[in-house]
Amino acid sequence: MAESDEDLTIPRAAVNKMIKEILPSVRVASDARELILNCCTEFIHHIASEANEICNAQQKKTISADHILRALESLGFKEYRHEAETVLKDCKAVVAKRRKQSTRLEDLGIPEEELLRQQQELFAKAREQQAEVEQQQWLEVQQAAQQQLMLQRINSQADEEEMY
């Protein structure tokens, strides 16, 4: 089911929160809030459309932050570029911090060299255990073969005694 243009808006709660943060002591009528919401949505559509045109002109398939910054300038919003660049820098820092926090090795607090040593030790133990299992299996096969051979000799001797 395709969304209509009316479905593509900023959540009202987000707009109300921004209004409250920017103008904490001012009351804003509901029709004014609706107008602000519509203006915000239209602004985003306008910038996105311009950024898409810039992106297409460069024969790119993905709109980048640079396309948005250029769209701001080309639409006459040059004064917003510096603030947008600051927000972009902050967003990149947050993403980088999240990536760094998700590194499990750093969470352990053990140097990488020590982890490598422990890993090699575990591999060596696993190889020893595998060798022991294989040796035990070989011994069992040998014992089974000896038992089979003894049974064949006993059967053979029994057959010879029956013949006499």
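**Salt bridges and surroundings**

Reply: Happy to, and let's start with a charged pair: Glu114 and Arg117 form a salt bridge, with 2.7 Å between their closest N and O atoms. Please keep in mind that this is a predicted model.

Me: Which residues do salt bridges with shared partners join into one network?
Reply: One link is the salt bridge between the side chains of Glu73 and Arg81, at 2.8 Å from N to O. Glu73 is partly exposed, with 31% relative accessibility. Through shared partners, the network consists of Glu73, Arg81 and Glu85.

Me: How many salt bridges does the model have?
Reply: The rule asks for a side-chain nitrogen of Lys or Arg within 4 Å of a carboxyl oxygen of Asp or Glu. The pair Glu114 and Arg117 qualifies at 2.7 Å, and so does the pair Glu73 and Arg81 at 2.8 Å. By this rule, the count is six.

Me: What is the nearest side chain of opposite charge to Glu50, and how far away does it lie?
Reply: Glu50 lies in helix α2, which covers residues 30-57. Leaving out residues up to four places away in sequence, Glu50 touches Ala71, Ser74 and Leu75. Glu50 is buried yet has no salt bridge, and the nearest side chain of opposite charge is Arg70, at 10 Å.

Me: Which residues in helix α3 are buried?
Reply: Helix α3 spans residues 65-74. Just after α3, Gly76 takes a positive phi of about 90°. Within the helix, the buried residues are His67, Leu69, Ala71 and Leu72.

Me: How far apart in space are Thr41 and Pro11, C-alpha to C-alpha?
Reply: Thr41 belongs to helix α2 and counts as buried at 9% relative accessibility. Not counting residues up to four places away in sequence, Thr41 touches Leu8, Thr9 and Ile10. Although Thr41 and Pro11 are 30 residues apart in sequence, their C-alpha to C-alpha separation is 9.9 Å.

**Surface patches**

Me: Which residues make the nonpolar surface patch of about 370 Å²?
Reply: A patch residue needs over 30% relative accessible area. Met18, in helix α1 (residues 12-22), is partly exposed at 38%. The patch is made by Met18, Ile22, Leu23 and Val26.

Me: Which residues form a negative surface patch?
Reply: One of them is Glu162, found in helix α6, residues 112-163. Glu162 has a relative accessible area of 67% and is therefore exposed. The patch consists of Asp159, Glu160, Glu161 and Glu162.

**The whole chain**

Me: How many helices and strands does the protein chain have?
Reply: Read along the sequence, the chain follows the pattern α-α-α-α-α-α. That pattern goes with zero strands and a helix count of six.

Me: What share of the contacts with a separation of 6 or more comes from residues 24 or more positions apart?
Reply: A contact here means heavy atoms within 4.5 Å. Among contacts in the protein chain with a separation of 6 or more, the share from residues 24 or more positions apart is 31%.

Me: What percentage of the accessible surface belongs to carbon and sulfur atoms?
Reply: Of the 164 residues in the protein chain, 10% count as buried. The accessible surface comes to about 14,400 Å², and the part belonging to carbon and sulfur atoms is 54%.

Notes
Residues numbered from 1 in each chain as written. Predicted model: local features only at pLDDT ≥ 70, side-chain atom pairs only at ≥ 80, totals over all residues. Heavy atoms only, no water. Helix = DSSP H or I, 4+ residues; strand = E, 2+ residues; numbered from the N terminus. Buried < 20%, exposed > 50% of the residue type's maximum accessible area, 1.4 Å probe, protein only. Lys, Arg positive; Asp, Glu negative; His and termini not counted. Patch = residues over 30% accessible without salt bridge, like charges linked within 9 Å, V, L, I, M, F, W, Y side chains within 5 Å. Areas by Shrake-Rupley, 256 points an atom, 1.4 Å probe, with all protein chains shown as cover. Charge placed at Lys NZ, Arg CZ, Asp CG, Glu CD.
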